Amino acid sequence: MYYRANKNNMASILRRLPDAVAVMNGAPSNRQIYGTVNFYQARQGVLVVADLHGLPVSVMPCQDGIFAFHIHSGAECSGSGADPFSNAGMHYNPNSCPHPYHAGDMPPLFCVGGQAFLSFLTDRFSVREIIGKAVILHDRPDDFTTQPSGNAGSKIACGIISRVRR
């Protein structure tokens, strides 16, 4: 089998501007976290590309490095001291599915030296449906079982999804 270049493959989609972006910033206790999550509408679904930096790194082996990553239903990256992003709301879940089948449930981010990069294709939402929603990074991995949000821990970074102006 050989690779055939065409306008519908994911690599060609990445050559254009994203349709939407969430600029991620850390909570007050994690201000070093920053990055972007880009969203590209494709015929097959949405290509999501996350590039984050400044993630917490533990000195204990096998104790960190995996972070839950979700789209939440709220439109604000604000909250209180105990939960700095409480106004981000719950996971984006327009079809009232159990976790991990919420539209906003995304694969985990794996950290290497404080950085993470992830690219995946999903058909759980369109770019149009998620404009104005919050992207949240949690401090623990998602267990993909516990209801309603996978026992993902505290919210450590947030960004609001905005349409990219062309």
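Aspartate 19 touches Phe39, Tyr40, Gln41, Val127, Ser162, Arg163, Val164 and Arg166, leaving aside residues up to four places away in sequence; contact means heavy atoms within 4.5 Å. The model is predicted: local features need pLDDT of at least 70, side-chain atom pairs count only at pLDDT 80 or more, and totals for chains, interfaces and linings use all residues. Residues are numbered from 1 along each chain as its sequence is written, and side-chain values use heavy atoms, with hydrogens and water left out.

**Aspartate 19**
- Aspartate 19 sits in the loop between helix 1 (10–13) and strand 1 (20–26); helices (H or I, at least four residues) and strands (E, at least two) are DSSP runs, numbered from the N terminus.
- Aspartate 19 counts as buried because its relative accessibility is 15% (buried is under 20% relative accessible area, exposed over 50%, partly exposed in between; 1.4 Å probe, protein chains only).
- Its side chain reaches the backbone nitrogen of glutamine 41 at 2.6 Å.

- Seven strands form an open antiparallel sheet in the order 5-8-9-1-2-3-7; strands pair if DSSP finds at least two bridges between them.
- Strand 5 (69–72) and strand 7 (116–122) are the edges, each pairing on one side only.
- Strand 1 pairs with strand 9 (residues 155–163) in the antiparallel sense over five bridges, and valine 21 has serine 162 in strand 9 as its bridge partner.

**Nonpolar cores**
- A nonpolar core is a set of buried Ala, Val, Leu, Ile, Met, Phe, Trp, Tyr and Cys residues joined through side-chain atoms within 4.5 Å.
- The largest core has 30 residues, and Val37, Phe39, Phe69, Ile71, Leu109, Val135 and Leu137 touch the most other members.
- Strand 3 gives the largest share of this core, four residues.
- A second, separate core of six residues includes Ala27, Phe85, Ala88 and Cys158.

Definitions and conventions. A polar contact is a pair of N or O atoms within 3.5 Å; within protein, one must be able to donate a hydrogen and the other to accept it, and residues adjacent in sequence count only if both atoms are side-chain atoms.
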